[in-house]
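Please load the model in a viewer and keep the selection panel at hand.

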Amino acid sequence: MNLVNKLTTLCGAVCLSMSAMATDFSNIEKIINDTKTAANFPSGTAIAVVKDDKIIYEGYFGYADIANKTPITKDTSFYIASTTKPYFALAMLLKEHRGELSQDTSLDKLFPKMKFSDFDASKVTVKHLLGHTMGIDNVPLVMATAYTGNHDAAKRNQLVANSYPNKEAPLDTFDYSNVGYNILSVWFDNTHQQPWQQMVNQSVLSPLQARHSSTVISDANKTGWSLALPYSIYSKTDNPLYLQKRDNTMHSAGGMISSARDMANFVKVQLNNGKLNGQQVFPASVIEKSQQNIAKANMSRGDYNRTGYAWGWFTGPYLDESLYHHFGGYAGTHSHLSFMPEHNIGVVILNNDDMLGSRLTAVVAKTIYATLLNKPDALAQANSEAEKLQQKITQLPKMIAQMEQKLAARKWQLSLPRASYTGTFNHPDYGDLVVTTKADDKFEVTLGQIHAIATPYKNKDSLRVELIPNRGEPITFTVENNKADSLKYNGTVFKRVR
């Protein structure tokens with residue numbers, strides 16, 4: 001049985017039975033199977049298409065665990081990264097509906113005991129925080145909660161207090177980030193006797209009857225759910241990526257696992273004024289408000305023109321129609337959640353690959369919407385893009401080999417003995433960055449839960465690391481008096497402490 005037939009088999013009876021309905025989705029199945037075959041990489045993809053208040057198509061392809069050949073099914077949970085944002089924003093609006101919070105509550109009122117410097121916290125509101133227009137930034141808070149795990153309640157509060165002005169995007173200027181959502185979750189944890197995760201689970205996921213969704217990733221193991229492992233086609237291996245989510249890196253701007261079916265229920269309530277299966281599970285007024293633009297945006301991502309931002313939703317024209325959407329990306333995952341309220345249709349696409357998944361999703365989403373909207377030109381364009389992707393993906397092994405040869409040809413540009421660069425380097429906001437040497441003289445770099453084996457970099461006294469998979473970054477040492485006194489990573493200076 002070849003890979004195409006294997007993948008078609010994995011897609012299962014759900015795909016085949018649904019594609020026999022009035023709307024023919026077989027083209028979607030062909031695109032996915034052909035692309036995965038061209039890539040020779042059977043990572044997982046789950047799809048749910050909603051019309052009115054029903055799922056009109058489901059498709060499940062590839063594996064949740066490639067090595068063990070565990071298939072993607074209707075019950076498979078995926079890490080959805082930033083697609084968490086509309087869920088968290090809805091939870092905040094529900095709190096406002098109950099009179100427990102106001103969109104106009106200011107940052108200094110949220111944290112009355114904190115002293116913010118360099119900006120006026122009385123002018124930054126909940127609306128600003130959820131709309132990415134708060135005029136402040138906080139990279140250390142984002143790194144701690146999304147990657148390193150170097151935080152506890154006290155540390156998170158300290159990081160919030162250290163927020164600083166965003167010089168590139170002052171107050172009322174849109175600048176997408178995790179910061180506002182992270183800050184609000186710290187406020188919630190401070191104010192209530194339960195963590196923000198429990199709030200979202202109870203106030204949003206429970207009414208949605210989400211059976212394979214949670215803001216706590218360890219729930220998957222506790223309950224025996226099938227959880228899609230993270231992969232990257234660039235790794236050329238059946239082994240999942242080392243960087244996998246833990247409970248302490250599940251944060252309010254990117255801290256959910258969910259299945260395509262569960263997320264389809266979220267689409268249903270967006271299309272039906274808060275109703276799910278005929279029952280009013282969220283107030284219609286709250287859903288209506290969640291879809292109102294609160295910021296102007298001027299950006300695009302592929303064919304998605306983003307002219308506005310609602311409460312956790314990008315808005316703008318797509319295929320000449322009004323689209324609400326949010327995507328999520330992280331090492332080994334890509335998620336897509338979108339809907340067109342004027343046509344009462346929506347799409348969920350989940351992948352457990354970051355690179356191939358994002359490109360395949362763009363083609364699949366266009367194919368679905370072009371099919372449902374009866375737009376033959378857009379459908380032809382999607383088919384053409386699928387063919388180009390499949391042709392390009394066959395060249396990937398050659399491209400990877402060329403990159404590896406380029407990196408392997410680099411020579412170390414170190415002015416001191418290797419031992420001079422090892423040690424512990426600290427930044428008060430980020431924590432300890434530790435550089436050690438292994439038995440084979442390779443450098444290993446660790447920052448909290450992220451780590452990497454370093455390779456040579458082109459600049460003097462520098463290393464190249466992929467602390468985040470597929471993201472090569474330099475670490476540059478400052479050498480004084482024949483000693484590496486400090487290093488710079490991601491624009492931040494870490495000073496030697498040991």
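A nonpolar core is here a set of buried Ala, Val, Leu, Ile, Met, Phe, Trp, Tyr and Cys residues joined through side-chain atoms within 4.5 Å. The model is predicted.

**The nonpolar cores**

Begin with Tyr 87, Leu 107 and Phe 111, which have the most contacts inside the largest nonpolar core, a set of 77 residues. Next, select residues 85-97: this is helix H3, which gives the most to this core, with eight residues. Then move to Leu 433, Ala 452, Leu 467 and Tyr 489; they are included in a second, separate core, which has 36 residues. As a general background, nonpolar side chains in soluble globular proteins tend to be buried together.

**Helix H3 and Tyr 87**

H3 is mostly covered, with 12 of its 13 residues buried. Among the buried residues are Lys 85, Lys 95 and Glu 96, as well as Tyr 87 and Phe 88. After the helix, select Gly 99, whose phi is positive, near 80 degrees.

Which residues does Tyr 87 contact once its neighbours within four places in sequence are left aside? They are Ile 80, Val 204, Leu 205, Leu 208, Met 256, Met 263, Phe 266 and Leu 337.

**Aromatic pairs and charges over rings**

The count of aromatic pairs comes to 25. Select Phe 41 and Tyr 231 for one of them: the ring centres are 6.4 Å apart and the planes stand at 80 degrees, so the pair is edge-to-face. Phe 41 belongs to the loop between helix H2 (26-39) and strand E1 (45-51), and Tyr 231 to the loop between helix H10 (218-223) and strand E8 (257-258), so the pair ties together parts that are 190 residues apart in sequence. Both Phe 41 and Tyr 231 are buried.

Select Phe 116 and Phe 119 next. Their ring centres lie 5.5 Å apart with the planes at 50 degrees, so this pair is tilted. Phe 116 has a relative accessible area of 15% and is buried; Phe 119, at 15% relative accessibility, also counts as buried.

Lys 85 lies over the face of Tyr 181, at 6.0 Å from the ring centre. The charged end of Lys 245 sits over the ring of Tyr 330, 4.2 Å from its centre.

**Strand E1 and its two partners**

Select E1, in which six of the seven residues are buried. E1 pairs with strand E2 (residues 54-61) in the antiparallel sense over seven bridges; Thr 45 has Phe 61 in E2 as its bridge partner. The hairpin of E1 and E2 has two residues between the strands, and Asp 52 there takes a positive phi near 60 degrees. E1 also runs antiparallel to strand E16 (residues 345-351), to which seven bridges join it. Here the bridge partner of Ala 48 is Val 348.

Continue to helix H13 (residues 355-372). With 18 residues, H13 reaches 27 Å from its first C-alpha to its last, close to the 26 Å expected at 1.5 Å a residue. Of these 18 residues, 13 are buried. Asn 374 follows H13 and has a positive phi, near 55 degrees.

Now select Ala 382, found in helix H14 (residues 376-394). Ala 382 is buried, with a relative accessible area of 0%. Not counting residues up to four places away in sequence, Ala 382 touches Val 363, Lys 366 and Thr 367. A C-alpha to C-alpha line from Ala 382 to Thr 333 spans 22 Å, and the two are 49 residues apart in sequence.

**The nine-stranded sheet**

Finish with the open sheet of nine strands, in the order E20-E19-E18-E17-E25-E24-E23-E22-E21, with antiparallel pairing. Its edge strands are E20 (450-453) and E21 (455-456), each of which pairs on one side only. Within the sheet, strand E23 (residues 471-480) pairs with strand E24 (residues 483-489) in the antiparallel sense over six bridges.

Conventions:
Residues numbered from 1 in each chain as written. Predicted model: local features only at pLDDT ≥ 70, side-chain atom pairs only at ≥ 80, totals over all residues. Heavy atoms only, no water. Buried < 20%, exposed > 50% of the residue type's maximum accessible area, 1.4 Å probe, protein only. Helix = DSSP H or I, 4+ residues; strand = E, 2+ residues; numbered from the N terminus. Contact = heavy atoms within 4.5 Å. Phe/Tyr/Trp six-rings, centres within 6.5 Å; stacked < 30°, edge-to-face > 60°. Lys NZ or Arg CZ within 6 Å of the ring centre and 35° of its normal. Expected span 1.5 Å × (residues − 1). Pairing = 2+ DSSP bridges.
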